[in-house]
Amino acid sequence: MRHSVRVVVRLRLLQYRRAIRRWLRGLIEDRSIVLLYFMAFGGGAAWAYATLPSALSEIVRDASAPIAAVATRTGLVLLAALIWRQLTLGLRYPPFYLARGDVPMLLAGPIDRRAVVALRLVRAYASAGLSLAVPMILLGPFLMRIWGGLSPARLALVWLHLSIGWIGLIHWRWGVFHFERLKRVARVLRWAGIILVGAGLLALLVAWGIGPRISPVFTSTPTLAVGPAWTFPHFGAGSLGIVIVLAALSWVAVWRSVPRAGLDGLVRLSLWVSDSLALRRGDRDEELERLTARMRRAKARKRRGWTIGYRVGARAIAGKAVAMLLRQSPLAFVFAAAVFVGVLFAFVHVPVLWVKALFLSVIATSIAKFPLASLYRDAGNWAFARQLPFGEVEWVDGNAAVVGVWQTALGWVFLFVLFRFRMVERADLLPLMAFLVAAGYLVAQQAMLTLFAEVRADRLLQLAVRFGCLGTFALLAGAVVLPRTAGLPSWGAWVAAGGACVVLARAWRRLALRGARVLIERPWEVERKP
Amino acid sequence: MSQNGEREDAVTALHLRKVYENGATALDDLSFGLRRGEILGLVGPNGAGKTTTLLCLLGLIERTAGEVAIDGRPPESTAARARLGYVPEVPLLYNDLTVEEHLRFVAMAHRLAEADASARIAELLSTFDLLGHKDEFPTTFSKGTRQKLSILCALVHEPAVLLADEPFLGLDPESVWRLKEHLRRARDRGAAVLLSTHMLEAAETLCDRYLILHRGSLLAEGTLDELRSALPREEDRRLGLEGIFLALTRGETDDAP
């Protein structure tokens, strides 16, 4: 066993060293883009971080509901969602995957498989601990302001609780992935979680939205009122001991289960992920062929959405889009930044509201195409794209995700600038941020449609795209104008507009899928077009 | 232990059955033994269950039913796997390790002494014409070169049992010849080799016995002469392995509904 651990540790250290070197080399090669990104996003984040304390103070001062109570509920819902996700994720994915070479060298070699699993789990623990630590460190000062009695020591104790609890959940995920009995339990938990988290979200909506400031009617109903100010949940040494014992017990269970666990699923997923990564890096054609064959087999076996590797496939496409985005000329980014500042300037100075909204919609739909450089290239050379082992779902979802994040990030920067210049009410800030996520999703789907319409020269699609732009404009204008004319609370309008955006986006997605399917399955129809 | 109780089998598979999640039966009641000092050819059409058989022997996939023993030990045990060498159907390598690092890593995993490992690695690199590539990463290689490295990783510790899945794929004729020579030498020193291949000409010149699989079941087993004598028609009894294979599998396919 000791020998196995020593061998695997040496291997992993060598791999990490090489990966870091490769990453650094990439950073140096693309240094102009990296610098630009660092200045744009790092600077934006620093600015947002600097302005948050004053914003938070004002929110706390103006809030009609006790902020600690609402924040506690929000935290609990987030925690419930996190636990629920980990409880059910094992139905499809193990907590880690292996490198491609591990299959013949480690799993079929003389290495104790428990050492291989244990060391991969350690990496999963580190990743879980860090992914909790980073937001907690960043948000620590604000959390301590919200909950008066919270100290750095207590915050650290909370982090320990959550991290160790998460380790237990990682073990559970390993079990669910490998053992049918636990799968059955996880399926029940999935539905229970959907109901519980849904109810929690509803309660949050009531707490945030239907407070006495918005609608005094609801405060007279005891069940809907926010109630007494909740204090920060107590995490002490006793509860930490329980969490540690539970995590240790689950560790023993994993350790004992490794020799009995079937490796089929893990090996299949590991090879899939390795090949996807290799494909993303553009390493070799053989990976492509294998991935294609594996995807076809998987598709024949299962319904698409549940196919192992589907998410990985969409991520591979998204990764490809991001890689292409990063390789754009720095001049393109300078141009985009200039357009952004120009739009902002015009938006601030144009007096008529509907003109502002129209202007914003048109610019938003135009700028959405910027991250689609990769898809434009593939669409122009669909013979290459057809070789890739992806169906229309991966193409559309992978690219739309990148566009959606891009649009939302730009929208938020835009929003914070307006907020800074007092053009957006404080009460509208959060609903607007949520709305921009939905609007980003809609614009992303429209961008996909635009692209497919252009490539196919399909008039129906082009018409749909134009209606889509008009629809966005109508939604945006409606959300801004309605609250002021109908006397509705503005947050209600933003939530309604966001919901409408999502509904519309789903419809656009269907059309985009249809467009992508034609390109994949019947490219000759496109080639005949002028 | 083999079916008939003989103790010379290095690998024993008894009543192997593998049904995949989608309900497809890849192996159905497959039993055979692989003797020491023998090269056993595993041949069959696409989808016959050859790769599944190897993965079951390696303990890389769960068996639905049946027993596997590597020198009397279950394949999941570390001791059993220490005796194995495995050449996968496609080269599965680490992109971040050089050729020499791959081989040194395998040598270390198998606890080879430093001096022995160095000598062995140098010999293999030289034999398979990879000495000039020893500091290069596999991402820069052609398919054939990657295949060679994958083979060397399986041979570096001189395994007692070698399971090779289509090892000749992508190799140039000279490399095929060298690999065949190497496998013969391994057999002569007492190693057991299970060779799954579609290259029937290569198998015919190399293997001592053959297993012909069809749709997950054992269609025929034996030496070339034994397979010939099992054919019903007199004129078929002069056929080579390819002819025997076609005669047997066509017969099965014709009978199929």
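Predicted model: local features only at pLDDT ≥ 70, side-chain atom pairs only at ≥ 80, totals over all residues.
**View 1. Chain B at a glance.** Start here to get your bearings in chain B, which holds nine helices and nine strands. Of its 257 residues, 46% are buried. Take the contacts in chain B whose partners are separated by 6 or more positions: 68% of them link residues 24 or more positions apart.

**View 2. Where chain B touches chain A.** Here 28 residues of chain B are in contact with 28 residues of chain A. On the chain B side, four elements each supply at least two residues: helix 2 (78–81), strand 5 (84–87), helix 3 (99–109) and helix 5 (143–155). Helix 3 of chain B gives the most, with four residues. Sort the chain B side by class and you get 17 nonpolar, five polar and six charged residues.

View 3. Look for A:G101 in the loop between helix 3 (67–89) and helix 4 (102–107) of chain A. Is A:G101 buried or exposed? It has 23 C-beta neighbours inside 10 Å, so A:G101 counts as buried. Setting aside neighbours within four places in sequence, A:G101 is in contact with B:L92, B:L93 and B:Y94.

**View 4. Helices 5 and 6 of chain A, side by side.** The axes of helix 5 (residues 113–146) and helix 6 of chain A come within 9 Å and cross at roughly 150°. That angle makes helix 5 of chain A roughly antiparallel to helix 6 of chain A. The crossing is right-handed. From helix 5 of chain A, the residues that meet helix 6 include A:L121, A:Y125, A:L132, A:M136 and A:L143. Among those on the helix 6 side are A:P152, A:W159, A:W166 and A:I170. By class, this contact has 15 nonpolar, three polar and no charged residues.

**View 5. Helix 6 of chain A again, now with helix 9.** Helix 6 (residues 152–178) and helix 9 (residues 237–257) of chain A have axes that come within 9 Å and cross at roughly 25°. The two helices of chain A are therefore roughly parallel to each other. Helix 6 of chain A passes helix 9 of chain A in a left-handed crossing. Helix 6 of chain A brings residues including A:L157, A:H161, A:I164, A:H171, A:W172 and A:H178 to the contact. Helix 9 of chain A answers with residues such as A:L240, A:V243, A:W251 and A:V254. The contact of helix 6 with helix 9 of chain A has 14 nonpolar, nine polar and no charged residues.

**View 6. A three-stranded sheet in chain B.** This is an open sheet with the strand order 2-1-4 and antiparallel pairing. Which strands of chain B are at the edges? They are strand 2 (25–35) and strand 4 (65–70) of chain B, each pairing on one side only. On average, neighbouring strands of this sheet are turned by 15° against each other, direction ignored. Strand 1 (residues 9–19) of chain B and strand 2 of chain B pair over eight bridges in the antiparallel sense. For one of the pairs, find B:R17, whose bridge partner in strand 2 of chain B is B:D28.

**View 7. Strand 5 of chain B and its parallel partner.** Strand 5 of chain B pairs with strand 6 (residues 161–165) of chain B in the parallel sense, over four bridges. The bridge partner of B:V87 in strand 6 of chain B is B:A164. In a regular strand, side chains alternate between the two faces of the sheet. Along strand 5 of chain B, B:L84 and B:Y86 point one way, while B:G85 and B:V87 point the other way, and all are buried.

**View 8. A hairpin in chain B.** Strand 8 (residues 209–214) and strand 9 (residues 217–222) of chain B run antiparallel and are joined by five bridges. B:H214 has B:S217 in strand 9 of chain B as its bridge partner. How many residues lie between strand 8 and strand 9 of chain B in the hairpin? There are two, and B:R215 in the turn has a positive phi of about 50°.

Conventions. Residues numbered from 1 in each chain as written. Chains lettered and ligands numbered in written order. Contact = placed C-beta atoms within 7 Å. Nonpolar A, V, L, I, M, F, W, Y, C, P; charged D, E, K, R; others polar. Pairing = 2+ DSSP bridges. Axes fitted to C-alpha atoms, helices over the stretch in contact; angles between N-to-C directions. Parallel < 35°, antiparallel > 145°, perpendicular 65-115°, else oblique. Left-handed = near helix turned anticlockwise from the far one by under 90°. Buried ≥ 20, exposed ≤ 12 C-beta atoms within 10 Å, placed from the backbone.
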